[in-house]
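Trainee: I'm new to this one. Could you take me through its aromatic rings up close, and tell me what sits around them?

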Amino acid sequence: MSAERKDVQFLNTPIEYLKGVGPEKATVLKNELQIFSFGDLIKHFPYRYVDRSQIHTTNDIGNSDTYIQLKGKIKNMVELGHGRAKRLSAVFYDDVGEVELVWFKGIQWIKKGIDANTTFLLYGKPTYFNHSYNIAHPELEIFNAAKNKYEQPFRALYNTTEKMKKKGLDSKAFQKLIANLLVNLKPEHIIDFIPKKYIEMYRMLSRYDAYVNIHQPKNNSLQHQAIKRLKFEELFITQINLVELKLIHQKEKGFIFEKIDNHFDNFYHHLLPFELTNAQKRVLKEIRKDMLSGKQMNRLLQGDVGSGKTIVALLCMLMAIDNNFQATLMAPTEILAQQHFQGIQELLQNTNINVQLLTGSTKSKEKKQILKAVNEGLVDLLIGTHALIEDTVQFKNLGIAIIDEQHRFGVEQRAKLYTKNTTAPHILVMTATPIPRTLAMTLYGDLDVSVIDELPPGRKPIKTIHKFESHRLELFGFMRDEIKKGRQIYIVYPLIQESEKLDLIDLQNGYEAICRAFPIPDYFVSVVHGKMKPADKDFEMQRFLKKETQIMVATTVIEVGVNVPNASVMIIENADRFGLSQLHQLRGRVGRGADQSYCILMTDFKLSQDAKKRIKTMCETNDGFKIAEVDLALRGPGNMEGTQQSGALQLSIANIATDGKILEEARKTAIAIYENDATLQHEDNKWLRYYLQAQKQKKNSWISVS
Ligand code: ADP
Ligand code: MG
């Protein structure tokens with residue numbers, strides 16, 4: 001262990017002990033970048049590199065859009081414009097051509113520093129403007145033939161803050177600090193916890209070399225290798241933790257549901273209103289296997305909107321009930337819980353299964369009765385919202401817990417369900433819309449995954465159309481035609497926290513405009529939004545469901561799960577303000593019956609690049625998996641719906657949207673390590689074991705502090 005001590009000691013050295021860091025700079029580093037120790041500093045990675053290993057010519061401008069180094073002289077310096085538009089322009093030329101230089105600031109100072117006979121090394125980023133290239137605010141240094149090569153041709157640039165710059169800690173100062181640290185950094189300070197075998201297998205740099213080369217790369221190739229190695233390491237750590245958790249789950253004893261000859265068989269053969277798709281059948285088999293294994297099931301069920309996850313969930317719950325266990329289904333909203341309750345009650349009406357609903361708005365007297373019946377085992381199937389996980393809800397013998405729309409819940413809520421029986425019940429979590437493989441691996445890497453990759457037959461693909469505000473009258477005409485055919489229509493307005501009030505005004509105005517254009521008694525319009533009482537919301541939903549109203553004006557409260565098969569038109573107002581997965585979710589509210597359905601995306605004429613891309617994607621495809629990929633690429637993993645709280649996504653160098661291949665390798669490695677050596681006792685895995693132990697201790701001490 002002595003070697004470990006050495007590395008821990010060195011990396012834990014307080015930052016004020018570094019040459020060049022006095023108490024004042026130390027305070028700024030701590031406050032601005034949370035750099036407390038040598039180890040923290042070394043993990044503050046550059047955001048970009050300056051490549052001065054090659055001198056290009058002006059002919060190379062335009063070949064790529066990155067920074068370029070040139071050698072030449074400067075002529076024709078003129079001041080142009082007046083006042084705020086004032087700028088300095090000059091021509092930079094080498095043996096083969098020329099390029100314009102411009103400065104908007106520090107003009108007098110620059111004029112003084114430049115003379116026509118001096119040869120300069122220029123470094124800057126050419127931009128294309130008015131049919132030619134120019135370079136704004138280039139870095140200029142006098143070319144010194146004796147020293148025509150940089151000692152450090154690659155230089156790292158670091159993010160700093162205004163406060164840091166005030167204390168003299170700019171990017172250059174940072175380079176110096178890092179250099180001071182690297183002088184004293186020895187390989188034994190940076191112990192490689194990834195076993196040698198895998199480093200060789202993936203031809204990676206050692207951990208030490210990676211840290212040195214990410215800060216001071218000797219060449220392009222080493223810089224890339226260093227980044228790759230550190231990305232791998234970061235992803236490997238998230239995966240090793242998830243794989244370990246999965247291993248722990250797998251050791252957990254679980255209930256065995258042997259019998260399916262009562263409710264399950266009866267339902268499957270006599271009550272199921274349609275034939276299951278092959279994908280549904282396959283998923284059921286996977287789950288069935290889990291339930292006979294004697295191990296606790298922890299499974300993620302992925303499937304596109306409308307792929308029929310609910311019926312799979314119900315069949316799983318029937319397996320539990322057949323074996324004298326209770327089952328529970330948790331949904332993120334009242335409306336969805338209500339719908340599940342009604343739908344399932346209807347499907348089970350000719351059985352003696354006792355189904356109950358428990359939500360935040362269940363009256364206290366009724367709630368008491370339900371809780372008592374649940375506790376006595378009289379309730380077979382309890383459906384509800386978050387209310388289900390409260391401590392007051394005590395089952396007699398819970399066998400399976402299913403979470404619908406998992407992304408709306410946190411990990412802790414899932415964990416709470418584990419404690420609802422002395423042996424943890426089987427857990428099935430379902431997603432609202434698909435998420436890309438890489439994201440699933442990172443968020444749900446401790447779960448087994450099943451995918452329903454097929455929609456029920458007979459569905460016509462939804463036609464998605466983008467319309468500008470100026471086509472509203474046309475839109476109203478189309479709506480009247482559809483209503484004449486007996487169809488129903490949703491109109492959804494965005495509701496975004498920051499401007500909730502304005503949004504509600506939008507909704508109110510929209511509702512009034514619709515009521516004017518579609519007047520009683522020919523038309524009836526419902527309205528539902530988040531600020532309404534649950535009972536009022538329910539009343540309006542019911543009217544729409546019973547076809548008493550033809551148009552439903554709503555905020556995104558209807559996004560989740562609502563099922564009205566006769567509704568065939570989804571109009572989304574200010575569609576540019578929605579994220580892709582939300583748009584796809586909303587679109588999934590239609591196309592549930594046999595009729596041709598439409599999704600109409602309304603926007604203003606002016607749209608951002610990202611908004612254009614979102615709308616284009618929606619018009620081009622109905623495939624939730626494809627949409628999820630685009631969403632991930634556009635927004636980055638940290639901003640995807642339901643991922644904000646996930647620690648697994650707080651990555652400092654890797655990006656799961658673009659580093660999918662490295663992620664796969666890291667996961668494969670983590671699995672292989674545990675498969676060969678479940679307790680990490682092998683000599684090769686020693687440092688990994690120490691690393692994970694230290695990580696846990698840190699977490700525990702952190703928990704006890706906070
Ligand atoms: P989601 O996966 O989005 O939760 P649902 O479970 O709400 O989808 O199912 C959508 C609709 O498809 C429901 O009306 C459901 O009854 C119907 N459905 C599910 N499976 C099938 C099937 N195999 N054949 C026909 N209709 C089905
Ligand atoms: Mg659903």
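**A close look at the aromatic rings**

Mentor: Let's start with a charge and a ring: Lys-75 lies over the face of Tyr-93, 4.8 Å from the ring centre. Keep in mind as we go that this is a predicted model. There's another such contact, where Arg-48 places its charged end over the ring of Tyr-67, at 3.8 Å from the ring's centre.

The structure has 17 aromatic pairs. Take Phe-10 and Phe-38, which make an edge-to-face pair: their centres are 5.3 Å apart, and there's an angle of 75° between the planes. What does that pair tie together? Phe-10 belongs to helix 1 (residues 2-11) and Phe-38 to helix 3 (residues 38-42), so the contact links parts that are 28 residues apart in sequence.

Elsewhere, rings gather in a cluster: Tyr-202, Phe-232 and Phe-236 form one aromatic cluster.

While you're looking at side chains, a word on the cysteines. Searching the whole structure turns up zero disulfides. Cys-599, for instance, is in no disulfide: its nearest cysteine sulfur belongs to Cys-619 and is 8.0 Å away, while a disulfide would need the two sulfurs within 2.5 Å. Cys-599 counts as buried because its relative accessibility is 0%. Cys-316 also comes out at 0% relative accessibility, so it's buried as well.

Technical notes: Residues numbered from 1 in each chain as written. Chains lettered and ligands numbered in written order. Predicted model: local features only at pLDDT ≥ 70, side-chain atom pairs only at ≥ 80, totals over all residues. Heavy atoms only, no water. Buried < 20%, exposed > 50% of the residue type's maximum accessible area, 1.4 Å probe, protein only. Phe/Tyr/Trp six-rings, centres within 6.5 Å; stacked < 30°, edge-to-face > 60°. Helix = DSSP H or I, 4+ residues; strand = E, 2+ residues; numbered from the N terminus. Lys NZ or Arg CZ within 6 Å of the ring centre and 35° of its normal.
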